[in-house]
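Student: Please show me how to read the features of a model, one at a time.

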Amino acid sequence: AVNATALVRLGPPTPEEMGFCDLVKVQEIGGRIVTLFTQTKSASDGCRLSTVILRASTSSLLADLERAVDDGVHACKNLCRDGRLVPGAGA
């Protein structure tokens, strides 16, 4: 969702805090059915905050997904700070 309000509390957001999404669709990716929330507006349109929705069958799987998203966000953040990239991990 875009145009959402950053929350500093735990709990469900109000409809005004959630923002909106242009397109929601169900698609199969890698043999799994996933729900995709697609936004056509870009950051140049003033959309700087996004909501990521994670769902899992167990709390440990959800924690793994949360760490994976966190790692990806930090990797992108580091690349934006310094464009030099050294491939690793068998790349």
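Student: Which residues is Ile29 in contact with, once its neighbours within four places in sequence are left aside?

Tutor: A contact is a pair of heavy atoms within 4.5 Å. With those neighbours left aside, Ile29 is in contact with Val34 and Leu36. Before going on, note that this is a predicted model, where local features need pLDDT of at least 70 and side-chain atom pairs count only at pLDDT 80 or more, while totals for chains, interfaces and linings use all residues. Residues are numbered from 1 along each chain as its sequence is written, and side-chain values use heavy atoms, with hydrogens and water left out.

Student: Where is the place of Ile29?

Tutor: Helices (H or I, at least four residues) and strands (E, at least two) are DSSP runs, numbered from the N terminus. Ile29 lies in strand β1. The chain has two helices and two strands, and their order from the N terminus is α-β-β-α.

Student: Is Ile33 buried or exposed?

Tutor: Buried means under 20% relative accessible area, exposed over 50%, and partly exposed in between (1.4 Å probe, protein chains only). Ile33 counts as exposed because its relative accessibility is 61%. Ile33 sits in strand β2 (residues 32–38) and, apart from neighbours within four places in sequence, is in contact with Val26, Gln27 and Glu28. Ile29, at 45% relative accessibility, counts as partly exposed. Over the 91 residues of the chain, 4% count as buried.

Student: What share of the contacts between residues at least 6 apart in sequence join residues at least 24 apart?

Tutor: In this chain that share is 22%.

Student: How many salt bridges does the count come to?

Tutor: A salt bridge is a side-chain nitrogen of Lys or Arg within 4 Å of a carboxyl oxygen of Asp or Glu. The count comes to one: Asp64 pairs with Arg67, their closest N and O atoms being 2.2 Å apart. Asp64 and Arg67 are separated by about one helical turn because they are three residues apart in helix α2. Asp64 is partly exposed at 41% relative accessible area, and so is Arg67 at 47%.

Student: Which residues form the nonpolar patch on the surface?

Tutor: Patches take residues with over 30% relative accessible area and no salt bridge, joining like charges within 9 Å and nonpolar side chains (Val, Leu, Ile, Met, Phe, Trp, Tyr) within 5 Å. Accessible areas come from the Shrake-Rupley method with a 1.4 Å probe; for residues, only the protein chains shown count as cover. Here the patch consists of Val52, Leu54, Leu61, Leu62, Leu65, Val69 and Val73, with about 500 Å² of accessible area together. Leu65 is in helix α2 (residues 59–81) and, at 31% relative accessibility, is partly exposed.

Student: How many disulfides does the structure hold?

Tutor: A disulfide is a pair of cysteine sulfur atoms within 2.5 Å. The structure holds zero. The closest cysteine sulfur to that of Cys76 is in Cys80, 6.6 Å away, too far for a bond. Cys76 is partly exposed at 48% relative accessibility, whereas Cys80 is exposed at 71%.
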